[in-house]
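Hi everyone, and thanks for coming.

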Amino acid sequence: MVNWLAKRWVSAALFMAVGFLLLGPAMAVSFAGFFVLIYLHLPIYMFHQVEEHAGDRFRHFTNVTLFRGVEALRPVDVIIVNLPVVWGVNLISFYAALLISPGLGLAAPYLMLVNAILHLVTTIRLRCYNPGLVTAIVLFLPLSLATLLLARQTPGVTIYHHVFALAIAVIIHALIMLQAARRARLLSAGAQG
């Protein structure tokens, strides 16, 4: 199942992103601007995933460049991070904002913003392109920042929502990095032993 998904999920993400964007005008006439922006995080994230993961680029870049050839990221890791985690956070954020409190939707823009910052930091640190950088700059930064600015004018959004959402985004990214580093250490220790 993992191999089947690994070969197909990026193409599926592109088609779904286009489909979700085509629903954008209907969303815009049905919901307030803040909710429309939260909704747009899912298809925009999917476009980013296409740049990042087409041809298994991000996994290859990470394993070769950041972990010196150790397979710290496996196809199953990429699938878990991108399908249930990224898509799940964006979907849950949209429904939580609509059904519970607008502030609960902030996990989507913070997840996007933290990801964009990490792409920029990686590029500055390594002085090279990393897969996903272009959409992080062109799509992630404007959408996440616009959403966070509009959140300031949205009733029901508090500083506590911002802190909670930022913490979720940082924890998710930290867990991904820690898991990859742990796997790399185990593989390196096994190769030496």
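Which element gives the most to the lining of the second largest pocket? It is α1, with six residues. Before going on, a word on what we are looking at: this is a predicted model, where local features need pLDDT of at least 70, side-chain atom pairs count only at pLDDT 80 or more, and totals for chains, interfaces and linings use all residues. Residues are numbered from 1 along each chain as its sequence is written, and side-chain values use heavy atoms, with hydrogens and water left out.

When I say helix, I mean a DSSP run of H or I with at least four residues, numbered from the N terminus. A pocket here is an open set of points on a 1 Å grid over the protein atoms alone, where a 1.4 Å probe fits and protein lies on both sides within 12 Å along at least five of seven lines. Lining residues have an atom within 4 Å of a point. A volume is the space filled by probe spheres set on the points, which are joined across faces, edges and corners.

Let's stay with that second largest pocket. Its volume is about 200 Å³. Of its 14 lining residues, A6, W9, V10, H53 and D56 lie nearest the centre. By type, the lining splits into seven nonpolar, three polar and four charged residues. For these classes, Ala, Val, Leu, Ile, Met, Phe, Trp, Tyr, Cys and Pro are nonpolar, Asp, Glu, Lys and Arg are charged, and the others, Gly among them, are polar.

Now to the largest pocket, which holds about 640 Å³ of space. It has 29 lining residues, and F58, L118, H173, I176 and M177 are the closest to its centre. Two or more lining residues come from each of α3 (33–53), α4 (57–66), α5 (75–99), α6 (107–126) and α8 (159–192). Seven residues, the largest share, belong to α6. This lining divides into 18 nonpolar, eight polar and three charged residues.

What about the packing inside? A nonpolar core means a set of buried Ala, Val, Leu, Ile, Met, Phe, Trp, Tyr and Cys residues joined through side-chain atoms within 4.5 Å. Buried is under 20% relative accessible area, exposed is over 50%, and partly exposed is in between, using a 1.4 Å probe and protein chains only. The largest core has 42 residues, and W9, W87 and L106 touch the most other members. At least two residues each come from α1, α3, α5, α6, α7 (133–151) and α8. The most, 12 residues, come from α3.

How many of its 21 residues are buried? The count is 19, so to speak a mostly covered helix. From first C-alpha to last, α3 reaches 30 Å, close to the 30 Å expected at 1.5 Å a residue; the expected span is 1.5 Å times one less than the number of residues. There is also a kink of about 30° at H41, shortly before the proline P43. The bend at a residue is the angle between axes fitted to the seven residues ending there and the seven starting there. Within α3 sits I38, which counts as buried because its relative accessibility is 1%. I38 and L98 are 60 residues apart in sequence but 9.7 Å apart in space, C-alpha to C-alpha.

Another kinked helix is α5, with a bend of about 30° centred on G88. Its 25 residues should span 36 Å, and its end C-alpha atoms are 34 Å apart, which agrees.

Finally, a look at two loops. Most residues other than glycine have a negative phi. Against that background, R68, in the loop between α4 and α5, has a positive phi of about 50°. R127, in the loop between α6 and α7, also has a positive phi, near 55°. Are these two buried or exposed? R68 is exposed because its relative accessibility is 78%, and R127 is exposed too, at 76%.
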